[in-house]
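Hi there,

Here is the structure I promised to pass on. Have a look at it first, and my notes follow below.

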Amino acid sequence: SVWKSGLRAVETEETSITKSIVHHVQTTIARQAYNIDEEGAYRAIAYSVRDNLIVNWNDTQMLYTRKAPKRAYYLSLEFLMGRTLDNALLNLGLKEDYQKAARKLGFEDFEELVESERDAALGNGGLGRLAACYIDSGATCELPLWGYGLRYHYGMFWQQISTDGSQVEAPDPWLNHANPWEVHRPDVSYLVRFYGHAERIGDSKAIWSGGQEVMAVAYDVPIPGSYTRNTNNLRLWDAKPKRGFDLNSFNAGDYEKAVESSNSAEALTRVLYPNDNHMVGKELRLKQQYFWTAASLADITRRFKQLGEPFSKFHEYVAIQLNDTHPTIAVPELMRIFVDEEDIPWDQAWEITQKVFGYTNHTVLPEALEKWPVPLFQHLLPRHLQIIFDLNHSFLQAVEKKWPNDRDRLTRMSLIQEGFPQYIRMAYLAVIGSHKVNGVAELHSELVRTTIMKDFVDFYGPSKFGNVTNGITPRRWLDQCNPGLSSLITETLGGDKTKWLKDLSKLEGLLSHIDDPAFQKKWADVKLQNKQRFAQFIEQTMGVKLNTSALFDVQVKRLHEYKRQSLNILGVIHRYLTIKSLNAEERAKVVPRVVLFGGKAAPGYYMAKLVIRLINNVAKVINADPDLQGILTVLFVPDYSVSVAELLIPASDISEHISTAGTEASGTSNMKFCFEDLRYNHQYHPTSLEERSPALAVVCKVIAEGRFGDGSIYEPFLNTIRTGDYYLVSDDFDSYLEAQKMVDTAYQDKVSWVKKSITTTAKMGKFSSDRAIMNYAEEYWNIEPVKLN
Ligand code: 26W
């Protein structure tokens, strides 16, 4: 087979793979090989694969230590990894061998074993999944790149749908099952301080003492590259009380209080905050941010010190990327380490700090921009507040020098938003602390430059503000989740999968086959098989049968008003009413559709949850109506996750990206579907709904009248459209329906549809996260590949 020779694995030969699995059955999970269920088999296989990863991980880290190249660190509060086994096997090129070994042990259906793994759902949506794609690409491109995050004991909540159609949240205790993919490192630990007091000594230094200390302990997750031995590290921090429990309280005879204090330390990494694109100012969230950032910087500086180089060279060995503003406290924290702990003069410390950090902005929505109240900072991080005020002072002096007597500008640009209380603007702190700021798509980066950061572009000049268009990993999102398409591509492009999988621009080679009817047929067959695979999953989990010759129309993403799932479901109701008004003969001509929704709403987001409820109740009515059988089916797929996406996306014909113009920073699932955005120009009309869109007025009336259950439930939602209509649903409704008609027409021409599909895939090369990560490496981090042989 393709690529065994490069692997200095513990066991690679088929017989030794079997041996290694049996070994883990008998020792690691302590069972008998003849008496093992699927979950046990999965775990034994996982431990066997992990042995290979760890050998490669060790060799990679030794190489990095020996060569001492500049390294980059990706600080992200979220890593939405999904499952690991299948991905690791494919990256190692060992999937077939393990499949055979599993068969020998009596497990015929390998996919079933793979599916007994739980998702690592340590992220909300786009930002977290992007981080996961980027560390895959970092390893594949052989870059010395580590991720730093938090080891949440509860990942993204489990979404259930109650009988009335509403979202109900349940916890996701994913670590209750053993996690073979992490390595606990009790020897890698740091104390992180909170509260206490900061006492200035001299004009820039201070001593911060007292308060609470919490222990950060490392858990390492090996990240294998694809068809390379390079294996990088994702280091996740877990919180532990400084000593098992508070000894003072214990000695004072207060056992309960002692245990309580240990509880409060562990609460730090208890749960992922389930808010996406919406800032909620919880103290515990700020504690998470500082805990993770401080531990990561302590680890990074300790590694730097082992090089024996002076701190004046820190930025020649270290680049740190801030994934949104969540880790921005790293800026004053690095200053604190330099100035207070390493005795570096303030100005020099600031120069180095700015060279180290880069900041990526992922949203321009005002409600998502992080601002923390000054009193909270004063209480929790008194030394950092001093540093921020000092930085702000000299920054505003520089602004004043450039634009004398421009008070408005000073107010606008200050790190501190005035008021009662004052707030710290984290995005501004990230900008002044970084050498480079970027948005995540051309249009988004332009909006960053011309709107939220305009004053800063004027101050620093435009070269500080760049763009890195997001990307997705073709390993997970093509090869792994769509094996049928992957094989077809490989056979069409000359038989070596690694060629296109590691250089996605090679997909353009498909275009020369686009007129070949045999190729078109195979392409369409793959889609049909993917629809059948998905339909089977839906029948098993939801008991609904899907018409696999229908057009599969998908909108999967977090529920948010700006993303306008509302526009979609209102359009579905319009379609339903239209079909109902047709006679049988006309109905037979309608292009059949399966409309699929998926996504979670933040638990406190009332309007988003109301839209979920509406979608489910519309689905109930439509799916139960015999007139619509096989013509229109609507489903809300519960608990949308990475693993559900892997089944659903390959089955789709179109994907809807219908957010209000300028609100979606990039979108990355659009790349997974390879279908274009539908974007329009909007205008605000202060006129009645009937005037703006008679068609929408009818739809709203039907909802209000109770066609989908008690209409009064939906009044608050209907009112957002009738009055104000901030998200311009009524402005776009008619042209949205027009676009949907065009889709129906286009779908009827099967050959041209398949050709569109082939073209879309062929031109996806740019959207590989390999291209994106190399862009960061070259233009933002100045790091180079270090290949392990
Ligand atoms: C503080 C609360 C909070 C939490 C998460 C604010 C903002 C966020 C994220 C930055 C939101 C997010 O995931 N943004 C998405 O980032 C993706 C990756 O760049 C983009 O593709 C999406 O368009 C953007 O919404």
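**Domains and how they meet**

Where domain 1 meets domain 2, 24 residues of domain 1 are in contact with 20 residues of domain 2. On the domain 1 side, the elements that give two or more residues are α2 (38-67) and α3 (85-92). Helix α2 supplies the largest share of that side, with 12 residues. Sorted by class, this side of domain 1 has 11 nonpolar, 7 polar and 6 charged residues.

Please keep in mind that this is a predicted model. For orientation, the protein is divided into domain 1 (1-67 + 84-117), domain 2 (68-83 + 118-470 + 772-781) and domain 3 (475-767). The centres of domain 1 and domain 2, taken over C-alpha atoms, are separated by 34 Å.

**The nonpolar cores**

Which residues touch the most other members of the largest nonpolar core? They are Phe291 and Val618, out of the 174 residues in that core. Helix α25 (residues 606-624) gives the most to this core, namely 9 residues. Domain 2 and domain 3 both give residues to the core, so it lies between them.

Leaving aside residues up to four places away in sequence, Phe291 touches Val192, Val214, Ala216, Trp237, Ala239 and Leu268. There is also a second, separate core of 25 residues, which includes Tyr42, Tyr98, Ala102 and Phe110.

**Around the ligand**

The ligand is surrounded by 22 residues, and the closest are Gly126, Leu127, His362, Ala665 and Ser666. By class, the shell around the ligand divides into 6 nonpolar, 12 polar and 4 charged residues. Why does the ligand shell lie between domain 2 and domain 3? Because both domains give residues to the shell around the ligand.

**A parallel sheet**

One more thing to look at is an open sheet of 4 strands, in the order β21-β20-β19-β22, with parallel pairing. Its edge strands are β21 (632-637) and β22 (654-655), and each of these pairs on one side only. Strand β19 (residues 551-556) runs parallel to β22 and is joined to it by 2 bridges. Within this part of the sheet, Asp553 stands opposite Ile654 in β22.

Best wishes

How values were computed
Residues are numbered from 1 along each chain as its sequence is written. This is a predicted model: local features need pLDDT of at least 70, side-chain atom pairs count only at pLDDT 80 or more; totals for chains, interfaces and linings use all residues. A nonpolar core is a set of buried Ala, Val, Leu, Ile, Met, Phe, Trp, Tyr and Cys residues joined through C-beta atoms within 7 Å. A residue is buried if 20 or more other C-beta atoms lie within 10 Å of its own, exposed if 12 or fewer, and partly exposed in between; C-beta atoms are placed from the backbone. Domain bounds come from an automatic or database domain assignment. Two residues are in contact if their C-beta atoms, placed from the backbone, lie within 7 Å. A residue is near a molecule or strand if its C-beta atom, placed from the backbone, lies within 6 Å of it. Ala, Val, Leu, Ile, Met, Phe, Trp, Tyr, Cys and Pro count as nonpolar, Asp, Glu, Lys and Arg as charged, and the others, Gly among them, as polar. Two strands pair if DSSP finds at least two bridges between them.
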